[in-house]
Amino acid sequence: GGGGGGGGKQPLVPPVAELKMLRALQVQINKRTIMLDAAKQKGELSKAELKAQHEILAKRQEKLIKLTQALKEKLSRLH
């Protein structure tokens with residue numbers, strides 16, 4: 001029996017699913033940012049704790065940016 005060619009390896013996760021995951025991560029970061037702002041307004045967290053939480057969010061955002069750029073590059077190679 002035959003069996004055709006086909007290109008290289010198929011991605012483990014389709015690009016649409018990757019986009020949905022990236023969006024979900026961004027929504028989580030946004031929600032957490034809003035919660036931190038509310039906690040700051042109410043005086044619920046110390047300055048040190050706020051700073052630590054903001055640093056965590058900043059690192060997550062940086063990672064999300066890198067993942068998004070990697071997906072963009074991957075998609076541009078497909079087309």
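**Figure 1. Where helix 1 meets helix 2 in this predicted model.** From helix 1, the residues in contact (heavy atoms within 4.5 Å) are Pro-15, Glu-18, Leu-19, Leu-22, Leu-25, Gln-26, Ile-29, Arg-32, Thr-33, Leu-36 and Lys-40. Their partners in helix 2 are Leu-50, Gln-53, His-54, Leu-57, Arg-60, Gln-61, Leu-64, Leu-67, Thr-68, Leu-71, Lys-74 and Leu-75. Sorted by class, this contact holds 12 nonpolar, six polar and five charged residues. Here Ala, Val, Leu, Ile, Met, Phe, Trp, Tyr, Cys and Pro count as nonpolar, Asp, Glu, Lys and Arg as charged, and the others, Gly among them, as polar. Helices are DSSP runs (H or I, at least four residues), numbered from the N terminus. Residue numbers start from 1 along each chain as its sequence is written, and side-chain values use heavy atoms, with hydrogens and water left out. Since the model is predicted, local features need pLDDT of at least 70 and side-chain atom pairs count only at pLDDT 80 or more, while totals for chains, interfaces and linings use all residues.

**Figure 2. The crossing of helix 1 and helix 2.** Two packed helices are described by the angle between their axes and the distance between the axes. The axes of helix 1 (residues 15-42) and helix 2 (residues 47-78) come within 10 Å and cross at roughly 160 degrees. These axes are lines fitted to C-alpha atoms over the stretch in contact, and angles run from 0 to 180 degrees between N-to-C directions. The two helices are therefore roughly antiparallel to each other (over 145 degrees). Their crossing is left-handed, the near helix being turned anticlockwise from the far one by less than a right angle.

**Figure 3. A closer look at helix 1.** Helix 1 has 28 residues and spans 41 Å from its first C-alpha to its last, close to the 40 Å expected at 1.5 Å a residue (1.5 Å times one less than the number of residues). Its buried residues are Glu-18, Leu-22, Ile-29, Leu-36 and Ala-39 (under 20% relative accessible area, 1.4 Å probe, protein chains only). Helix 2 is included in what covers them. Glu-18 is buried, with a relative accessible area of 18%. Beyond its neighbours within four places in sequence, Glu-18 touches Val-13, Leu-71 and Lys-74. After helix 1 comes Gly-43, with a positive phi near 70 degrees.

**Figure 4. A closer look at helix 2.** Helix 2 has 32 residues and reaches 47 Å between its first and last C-alpha, close to the expected 46 Å. Leu-50, Gln-53, Leu-57, Leu-64 and Leu-71 are its buried residues, and they pack against helix 1.

**Figure 5. His-54 and Leu-75 in helix 2.** His-54 is partly exposed at 38% relative accessibility (partly exposed lies between the buried limit of under 20% and the exposed limit of over 50%). Leu-75 counts as partly exposed at 26%. Leu-75 and Pro-15 are 60 residues apart along the chain, and their C-alpha atoms are separated by 7.7 Å.

Definitions and conventions:
Angles under 35 degrees count as roughly parallel, over 145 as roughly antiparallel, 65 to 115 as roughly perpendicular and the rest as oblique.
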